[in-house]
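What follows is a guided reading of one structure, taken through its aromatic contacts, its first helix and its core. Please keep the sequence and the model side by side while reading.

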Amino acid sequence: MNGRADFREPNAQVSRPIGGGYIPTEEEWRLFAECHEECFWFRSVPLAATSMLITQGLISKGILSSHPKYGSIPKLIFACIVGYFAGKLSYVKTCQEKFKKLENSPLGEALRSGELRRSLPPGQSKQIWRYLGR
């Protein structure tokens, strides 16, 4: 089967294997965008801002020292980056659950059955997880 239904069989299902040439459905693309937006606004931005505020507070109290030339800027940038990526990582499971709930989704089916990690070569699995955690 090459991704198309065989109309000679009455109960044939469309099989879209997850692999190197996988193209997400429109509903999956919509969910990718929704996950990306929710992750950014509800996890990454708040965690980045909170980590920067905490870092600035620690610098102000003298617990952390500021750089002699650049001041607190390098530590605040580092805290922002760490908070941003912590927000991204914290949303991966939530986004995976959303994909698992999709009906007629090869990607959702692969996540539900646990096949995604077993069926993909190492490089391809990183690409799929990048989309899920984006």
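Phe-32 and Phe-99 are both buried, where buried stands for under 20% relative accessible area, exposed for over 50% and partly exposed for what lies in between, with a 1.4 Å probe and protein chains only. The model is a predicted one, in which local features need pLDDT of at least 70 and side-chain atom pairs count only at pLDDT 80 or more, while totals for chains, interfaces and linings use all residues. Residues are numbered from 1 along each chain as its sequence is written, and side-chain values use heavy atoms, with hydrogens and water left out.

The structure holds five aromatic pairs, a pair being two rings of Phe, Tyr or Trp (its six-membered ring) whose centres lie within 6.5 Å, counted as stacked when the planes are under 30 degrees apart, as edge-to-face when over 60 and as tilted for the rest. In one of them, the ring centres of Phe-32 and Phe-99 are 4.9 Å apart and the planes stand at 45°, so this pair is tilted. Because Phe-32 belongs to helix 1 and Phe-99 to helix 2 (residues 73-100), the pair ties together parts that are 67 residues apart in sequence; helices here are DSSP runs of H or I with at least four residues, numbered from the N terminus.

Phe-40 and Tyr-84 form an edge-to-face pair, 6.4 Å centre to centre with 70° between the planes. This pair, too, links distant parts of the chain, with Phe-40 in helix 1 and Tyr-84 in helix 2, 44 residues apart. Phe-40 is partly exposed at 28% relative accessibility, and Tyr-84 is partly exposed at 25%. Together with Trp-41 and Phe-85, these two residues form one aromatic cluster.

Phe-40 also marks a bend of about 40° in helix 1, the bend being the angle between axes fitted to the seven residues ending there and the seven starting there. Helix 1 runs over residues 26-60, and its 35 residues reach 49 Å from first to last C-alpha, close to the expected 51 Å, which is 1.5 Å times one less than the number of residues. Just after helix 1, Gly-62 takes a positive phi of about 90°.

The largest nonpolar core has 11 residues, among them Phe-32, Phe-99, Tyr-91 and Leu-107; such a core is a set of buried Ala, Val, Leu, Ile, Met, Phe, Trp, Tyr and Cys residues joined through side-chain atoms within 4.5 Å. Helix 1, helix 2 and helix 3 (106-113) each supply at least two residues of this core, and the largest share, four residues, comes from helix 1.
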